[in-house]
Amino acid sequence: VTATDLDAGVNRQIHYTVDGGRGRFVIGRTSGVISLASTLDREVEPSYDLTVVATDGGAVPLQGNMSISVTVGDANDNAPIFTPLSNYFATLPEDIPVGTFIEQVMATDADIGSNAQLAFRVVTDVDKIFNLSPSNGSIVTSRPLDYETAKSHTLRLKVVDFGQTPHSVPGVLDLVVTDVNDNIPTFDQSFYNASFPETAPVGTPIVHCRATDA
């Protein structure tokens, strides 16, 4: 900042002081250059109101002042955070239709602007069971479940921000598949043949039938 004084000699000599800003700013006594006295954190204090005082060198000093508003710009210094947790768990029966809702993962970011815009992405989906919405974190089934084939499935995902140097955080969803009575019993052979004498007593074993259920 620069101030002028129409007087002459020592009366026009000016020095500067700064008030406000929680001690985070200093000013050159004669230059009027304002600089940082400590680091800033937008997430703690997004703006500051300063008062710069210009005092002349008269025997009875006179002062002028001006107000300065300082807005702290955002840096992508915060990683996204899954809320309320990064490990999700769900249970579904095997007979649900494709497209059934499983879970919605959510995350926040303390930054602002594009640094706080988030996208959800699949890291690994070995069984190709999950369909993850990148914009809202909604997860639905992408193909039928089968308890007899796989009793559980795991989706590894991440949330990433849109900063120039993006931050990402991993998450995981474990899905447990429960059994439904969707299989009929099956005999171990389609035809049985037995022969026995007509004199066989009551209770004589005739044939041993065996069936299994998946």
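Is glutamate 45 buried, partly exposed or exposed? Glutamate 45 counts as partly exposed, at 22% relative accessibility. Here buried means under 20% relative accessible area, exposed means over 50%, and partly exposed lies in between (1.4 Å probe, protein chains only).

1. Basis of the model. This is a predicted model, in which local features need pLDDT of at least 70 and side-chain atom pairs count only at pLDDT 80 or more, while totals for chains, interfaces and linings use all residues. Residues are numbered from 1 along each chain as its sequence is written, and side-chain values use heavy atoms, with hydrogens and water left out.

2. Secondary structure and overall form. The protein has 16 strands and 0 helices. Both are DSSP runs numbered from the N terminus: helices are H or I with at least four residues, strands are E with at least two. The radius of gyration is 37 Å, well over the 17 Å that the globule rule gives for 214 residues, so the protein is more spread out than a compact globule. That radius is taken over C-alpha atoms, and the globule rule is 2.2 Å times the number of residues to the power 0.38. Along the principal axes, the C-alpha atoms fill a box of roughly 140 × 25 × 20 Å.

3. Of the 214 residues, 29% count as buried. The accessible surface comes to about 13,800 Å², and carbon and sulfur atoms hold 54% of it. Accessible areas come from the Shrake-Rupley method with a 1.4 Å probe; for residues, only the protein chains shown count as cover. Take the contacts between residues at least 6 apart in sequence: 62% of them join residues at least 24 apart. Contact means heavy atoms within 4.5 Å.

4. Charge. There are 12 positive and 26 negative side chains. The centres of the two sets lie 8 Å apart. Lys and Arg count as positive, Asp and Glu as negative; His and the chain ends are not counted. Each charge is placed at NZ of Lys, CZ of Arg, CG of Asp or CD of Glu.

5. Backbone points to check. The peptide bond from threonine 83 to proline 84 is cis, with omega near 0°. Proline 84 sits in the loop between β6 (81-83) and β7 (87-93). Lysine 128 is not a glycine, yet its phi is positive, at about 55°. Its loop runs between β10 (118-124) and β11 (130-132). Lysine 128 is exposed, with a relative accessible area of 58%.

6. Arginine 22. This residue also deserves a look. Phi of arginine 22 is near 55°, a positive value in a residue other than glycine. Arginine 22 lies in the loop between β1 (14-20) and β2 (25-27). At 66% relative accessibility, arginine 22 counts as exposed. Arginine 22 forms a salt bridge with glutamate 45, and the closest N and O atoms are 3.4 Å apart. The pair links distant parts of the chain, 23 residues apart, with glutamate 45 in the loop between β3 (34-36) and β4 (47-56). A salt bridge here is a side-chain nitrogen of Lys or Arg within 4 Å of a carboxyl oxygen of Asp or Glu. By this rule the count comes to 3 salt bridges.

7. Arginine 42 and its partners. Arginine 42 is buried, with a relative accessible area of 12%. Arginine 42 forms a salt bridge with glutamate 43, the closest N and O atoms being 2.9 Å apart. A salt bridge also joins the side chains of arginine 42 and aspartate 74, at 3.1 Å from N to O. This second pair links distant parts of the chain: arginine 42 is in the loop between β3 and β4, and aspartate 74 is in the loop between β5 (63-71) and β6, 32 residues apart. Shared partners join Arg42, Glu43 and Asp74 into one salt-bridge network. Aspartate 74 is partly exposed, with a relative accessible area of 23%.

8. Glutamate 43. Which loop holds glutamate 43? Glutamate 43 lies in the loop between β3 and β4. At 27% relative accessibility, glutamate 43 counts as partly exposed. Leaving aside neighbours within four places in sequence, glutamate 43 is in contact with Asp74, Asp77, Asn78, Ala110 and Asp111. Glutamate 43 and phenylalanine 101 are 58 residues apart in sequence and 35 Å apart in space, C-alpha to C-alpha.
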